[in-house]
Amino acid sequence: MSITAPRAAPRVAIAVVHSRVFADPPHLLAVPLTGFSLVGASAPFATEPAFEDRTGHGTATAAAIVWSGPPVALTIVRILDDELRTTSMALAEAIRQAAEAGARVINLSVGSTRPEARDLLAAAVSDAREL
């Protein structure tokens, strides 16, 4: 009879679309953490490698995800500017880029109540589901 060690559960690829995340809190040190900042209000968007938190909410969201389920790998997509605002176009682009980065689950702590954003965001979600 052969005994094998149990396999580690595969990590679920999750994107956190938000302000930013502190990369060094103890509860996130063992979590694969990548990310970028999406810069601009409309296309063409630029990306920057920095995604550090200023408010703590993105870090708290990431910690809640880590604590609540199976092993995860996080991709942080910062879309909020220094005044903690964004546009629907930037949010839609963040959804697409998170999916392109491999996210199977995308956590959004932002949204829009503007009727004109509905079709734009629905199209981004549809695009993400097809990847």
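**Figure 1. Three helices and five strands make up the protein chain.** This is a predicted model. Going along the sequence, the elements come in the pattern β-β-β-α-β-α-β-α. The C-alpha atoms fill a box of roughly 65 × 30 × 25 Å along the principal axes. Of the contacts with a separation of 6 or more, 75% join residues 24 or more positions apart.

**Figure 2. Here's the largest nonpolar core, with 20 residues.** Val 17, Val 77, Ile 79, Leu 91 and Ala 94 have the most contacts inside this core. α2 gives the most, with seven.

**Figure 3. A closer look at Ala 94 shows its contacts with Val 17, Leu 38, Val 77 and Ile 79.** That list skips neighbours within four places in sequence.

**Figure 4. Arg 104 sits in the loop between α2 and β5 (105-108).** Is Arg 104 buried or exposed? Its relative accessibility is 61%, so Arg 104 counts as exposed, the cut-off being over 50%. Even so, Arg 104 touches Ala 13 and Leu 131, leaving out residues up to four places away in sequence. Pro 49 is 55 residues from Arg 104 in sequence, and their C-alpha atoms are 21 Å apart.

**Figure 5. The protein chain exposes about 7800 Å² of surface.** Carbon and sulfur atoms supply 57% of that area. Buried residues make up 36% of the 131 in the chain. As for charge, there are 11 positive and 13 negative side chains, with the centres of the two sets 6 Å apart.

Definitions and conventions
Residues are numbered from 1 along each chain as its sequence is written. This is a predicted model: local features need pLDDT of at least 70, side-chain atom pairs count only at pLDDT 80 or more; totals for chains, interfaces and linings use all residues. Side-chain values use heavy atoms; hydrogens and water are left out. A nonpolar core is a set of buried Ala, Val, Leu, Ile, Met, Phe, Trp, Tyr and Cys residues joined through side-chain atoms within 4.5 Å. Buried means under 20% relative accessible area, exposed over 50%, partly exposed in between (1.4 Å probe, protein chains only). Helices (H or I, at least four residues) and strands (E, at least two) are DSSP runs, numbered from the N terminus. Contact means heavy atoms within 4.5 Å. Accessible areas come from the Shrake-Rupley method with a 1.4 Å probe; for residues, only the protein chains shown count as cover. Lys and Arg count as positive and Asp and Glu as negative; His and the chain ends are not counted. The place of a charge is taken as NZ of Lys, CZ of Arg, CG of Asp or CD of Glu.
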